[in-house]
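Me: Could you help me go through how the helices pack in this one, and then look at the cores?
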Amino acid sequence: MSRAIEMNDINIPGTQSIPSIRADYAAGLLRMAGDSYPENSFELFGPVIEWVEHYLEAETRPLHLDLALLYLNTSSIRAMMDIFDLLQAAHDNGRPVSVLWRYDRRNERVRELAEEFAEDCSFPFEISPTAIDHERS
Amino acid sequence: MNGPRRELDADVERALADPAQQDNPLRPLLAELWDAYRSHVQRMDRVTRLSDQFQAIARGEHLSHSQQFEKQLRQLAKITRISDRYQAMLHELNLALSHASTHDVLTGLANRRLISERLREESERCDRHGNRYCIALIDIDRFKQVNDVHGHDVGDRVLIGVARALESALREYDLCGRWGGEEFLVLLPDTKLDHALAAAERIRDAVHALHFDDLDPPLQLSVSVGIGEYHPGEGADACLKRADHALLEAKREGRDRALVG
């Protein structure tokens, strides 16, 4: 059994307090959109961090993150930083990784916050004012 | 090894090799002592090397710990910074929402929700202290006609103009709000009827002074005002009812006037 089959895709529909999270192993794509103030952020982001870790370890293909996150509580910020750290380490080892953080142009605050995240990352980290589909269920 | 010791070593080795000393009775003793000394030095060297290695490992660990610590400290500082900014964003959003939920979008005046709340508070305050307040209900005369003749965008301009005229005619602590449609409500705290009437006249003058020069036919605005004075203990609705009644009376008597209910 190949690891790609072992490794399930993640598909969490967003709610008012958790973002929609879609991890597509075959496409090497992780999407997250919406607000994030979960009751238990470890429970929510643990599998996501694991998924990223595993993908980066098992594959040599590129990994792309497509984000349209709005409000993040402190533990969600921490989880995002952990994910970006994984990407940075992979990038340092020559792996192609990239992030696109989309924000509503009416909310410049979100752009500023994305910039804070991008500050320590040397891999491609694009922050773009684009149309956002919040993918809420 | 240092100089004097190396010299001593050489002297001893020379003495042991010297044929003239072969029969020296102390030579076997010196030879034994020499061997013991040599192995002792070797052991010392080994212990020193090992000790150095352990120290290097410990130092390395200390460095990596302090590096990790530094890294986590930086991370914590960053999380805190980002978290603070998110909270600031939420706070601003709350303020904006709170303003949006209590103010009229078109005129920027207090909306009915805020007016009702302030009326309730002011009534309770008056009930406790026996103070009085007055309410003035203000209705734009023949507003429907403005909309019919000039269109709704002009109607909106008129509403905004009247809102500014009301504000200009009032004191800072009076509350002025849009009660609905073309009707406004003014809450005059700590005010008796005669002063409320004077305020109503100031309002009527300010509205008369409004000009909309670009309109054809020209627009001459007026308002009708109904005033009610609050009696402690009666509740805001009773006072509102009197003001409403006075407003109806003012309309019935031909508009463009202020009456007390």
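Reply: Before the helix pairs, one definition: an axis here is a line fitted to C-alpha atoms, for helices over the stretch in contact, and angles run from 0 to 180 degrees between N-to-C directions. Please keep in mind that this is a predicted model.

Me: OK, so at what angle do α2 and α3 of chain A cross?
Reply: Helix α2 (residues 41-58) of chain A and helix α3 (residues 74-92) of chain A cross at roughly 5°, and their axes come within 10 Å. Angles under 35 degrees count as roughly parallel, and α2(A) and α3(A) are therefore roughly parallel to each other.

Me: Which residues meet there?
Reply: From α2(A) the contact takes in A:S41, A:F45, A:I49, A:V52, A:E53 and A:L56, and these meet A:S75, A:S76, A:A79, A:D82, A:I83, A:L86 and A:A90 in α3(A). By class, that contact has eight nonpolar, three polar and two charged residues.

Me: Switching to chain B, how do α4 and α5 pack?
Reply: Helix α4 (residues 143-150) of chain B packs with helix α5 (residues 152-169) of chain B at an angle of about 140°, with the axes 7 Å apart, and the two are therefore oblique to each other.

Me: And what classes of residue make up that contact?
Reply: The contact of α4(B) with α5(B) has four nonpolar, four polar and no charged residues; B:F143 and B:V146 are among those on the α4(B) side, and B:V154 and B:V158 among those in α5(B).

Me: Last topic: how many residues are in the largest nonpolar core?
Reply: The largest nonpolar core has 46 residues, and B:I135, B:A136, B:V225 and B:I227 have the most contacts inside it. A second, separate core has 35 residues, including A:L56, A:I77, A:L113 and B:Y86.

How values were computed: Residues numbered from 1 in each chain as written. Chains lettered and ligands numbered in written order. Predicted model: local features only at pLDDT ≥ 70, side-chain atom pairs only at ≥ 80, totals over all residues. Helix = DSSP H or I, 4+ residues; strand = E, 2+ residues; numbered from the N terminus. Parallel < 35°, antiparallel > 145°, perpendicular 65-115°, else oblique. Contact = placed C-beta atoms within 7 Å. Nonpolar A, V, L, I, M, F, W, Y, C, P; charged D, E, K, R; others polar. Core = buried A, V, L, I, M, F, W, Y, C linked by C-beta atoms within 7 Å. Buried ≥ 20, exposed ≤ 12 C-beta atoms within 10 Å, placed from the backbone.
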